[in-house]
Amino acid sequence: SRSLVITSGEKSFETAQGEKVTLPCTFETSEEDRGPLDIEWVLIPADSQKKEQIIIMYDVDRIYDNYYPPLDGRMQFTKSDPRAGDGSLDILNLKAADTGTYQCRVKKAPGVQSQKMQLTVLVKPARTKCSIEGSQEIGKDVTLKCTSQEGSPLLSYDWSRVSGTRDLPTTSTQNKNTGELLLKNASKEYSGTYHCVASNRVGTDECSVELNVTPPINTAGIIAGAIIGTLLGLSVLAFLVFCCCKKHREKKYEKEVHHDIREDVPPPKSRCSTARSYIGSKRSSLGSMSPSNMEGYTKTPYSQVPSEDFERSPGQNPAFAPSKVAAPNLSRMGAVPVMIPAQSKDGSIV
């Protein structure tokens with residue numbers, strides 16, 4: 001066992017996600033090591049209660065690389081023929097989950113040797129965003145923030161000014177761990193473009209933000225204008241609602257009047273019945289006259305009889321004999337005889 005020796009000495013590796021890493025495993029054999037060459041790469045879990053996982057193997061001139069699905073298609077021996085003394089392992093397109101302890105075991109009987117190494121896959125800073133917190137008014141405190149959405153710890157942030165004097169304001173204070181840049185009592189001269197660089201051991205990322213310090217805003221005028229505008233809007237809305245309601249009521253009233261049937265109103269009298277009523281009333285007044293009231297009686301001319309049309313069609317005229325009304329004997333009373341109108345067969349007055 002003393003004859004076989006692993007010569008690779010590096011035992012710790014830090015590589016960025018997405019890149020390639022080579023885990024070295026070079027060895028030397030002696031004349032005593034005459035058995036078949038056997039090389040195994042094993043992933044040792046962080047939990048000691050779990051079993052080791054073989055990920056790739058070289059045995060009797062054959063390579064077996066289908067033991068560990070998470071690395072399927074992303075690993076290979078560095079040399080196509082490890083018998084030359086190089087059993088190093090290449091892992092491609094690294095992922096954060098590839099972080100762990102790897103062990104190379106080389107056996108060529110009677111020699112047996114193994115070596116562990118630690119692989120740490122780091123994530124570069126990415127999707128870094130710059131923002132401004134606080135009011136950008138003269139005399140106010142303003143905070144510039146820089147944050148990376150991705151990146152392995154420990155991340156460091158560094159602010160700089162890329163416009164104007166290029167120097168940070170004298171009142172500024174920055175925290176490289178949190179990425180905050182505090183500008184106290186901001187003035188007009190603080191305006192400009194600020195640049196932030198986020199970094200860790202495997203990469204960097206950056207972003208910029210524009211700061212524009214302005215005089216204070218007249219908030220009272222803005223509030224008053226908003227109130228006045230709101231009141232005007234409500235007034236217009238109320239007026240429109242009133243007009244719509246009024247128009248709706250008018251349409252409803254017109255519809256009801258147009259379709260309403262008055263059943264409590266009697267039908268209008270016909271012209272013939274109206275004339276007959278008039279003549280009957282005249283006869284009653286003449287028949288009740290006495291010598292005492294005849295003096296005040298004035299003959300009513302026929303022209304003042306109501307102008308209703310008394311004529312009927314021949315089919316509608318009733319067959320009756322003309323009524324003769326005898327005038328009372330008024331000569332004895334010393335009164336003037338009065339002619340009483342009578343109705344003929346055709347309905348005319350004689």
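Which residue's side chain meets that of Lys145 in a salt bridge? I looked this up in the model, which is predicted. The partner is Glu180, at 3.9 Å from N to O. I placed the two ends next: Glu180 sits in strand S16 (residues 180-183) and Lys145 in strand S13 (residues 142-150), so I noted a link between distant parts of the chain, 35 residues apart. Glu180 counts as partly exposed at 34% relative accessibility, and Lys145 is partly exposed too, at 25%.

**Other salt bridges**

I found 12 salt bridges in the structure. One of them pairs Arg105 with Glu52, with 2.6 Å between the closest N and O atoms. Arg105 is in strand S10 and Glu52 in the loop between S5 and S6, so this pair ties together parts that lie 53 residues apart in sequence. I then followed the network, in which Glu40 is linked with Glu52 and Arg105. I also noted Asp81 with Arg83, whose closest N and O atoms are 2.9 Å apart. Asp81 is partly exposed, its relative accessible area being 33%.

**Nonpolar cores**

I turned to the largest nonpolar core, which has 27 residues. Trp41, Ile55, Ile91, Tyr102 and Val106 touch the most other members. At least two residues each come from several strands, including S3 (21-23), S6 (53-59), S10 (100-108) and S11 (111-122). S5 gives the most, with 4 residues. I listed the contacts of Ile91 beyond four places in sequence; among them are Val21, Leu23, Leu71, Tyr102 and Leu119, as well as the charged residues Glu19, Lys20, Arg74 and Asp98. Another core lies apart from this one; its 18 residues include Leu144, Cys146, Tyr194 and Ala198.

**Ser88**

I looked up Ser88 in the loop between S8 and S9. Is Ser88 buried or exposed? Ser88 counts as buried because its relative accessibility is 4%, under the 20% limit. The side chain of Ser88 makes a polar contact with that of Asp86 at 2.6 Å. Beyond four places in sequence, Ser88 touches residues including Thr22, Cys25, Trp41, Gln76 and Phe77.

**Surface patch**

Last, I noted a nonpolar patch on the surface, formed by Ile223, Ile227, Leu231, Leu234, Leu237 and Val241. Together these residues have about 570 Å² of accessible area. I checked Leu231, which lies in helix H1 (residues 219-259). Leu231 counts as exposed because its relative accessibility is 51%, over the 50% limit.

Methods
Residues numbered from 1 in each chain as written. Predicted model: local features only at pLDDT ≥ 70, side-chain atom pairs only at ≥ 80, totals over all residues. Heavy atoms only, no water. Core = buried A, V, L, I, M, F, W, Y, C linked by side-chain atoms within 4.5 Å. Buried < 20%, exposed > 50% of the residue type's maximum accessible area, 1.4 Å probe, protein only. Contact = heavy atoms within 4.5 Å. Polar contact = N/O pair within 3.5 Å; in protein donor to acceptor, adjacent residues only side chain to side chain. Patch = residues over 30% accessible without salt bridge, like charges linked within 9 Å, V, L, I, M, F, W, Y side chains within 5 Å. Areas by Shrake-Rupley, 256 points an atom, 1.4 Å probe, with all protein chains shown as cover. Salt bridge = Lys/Arg side-chain N within 4 Å of Asp/Glu carboxyl O.
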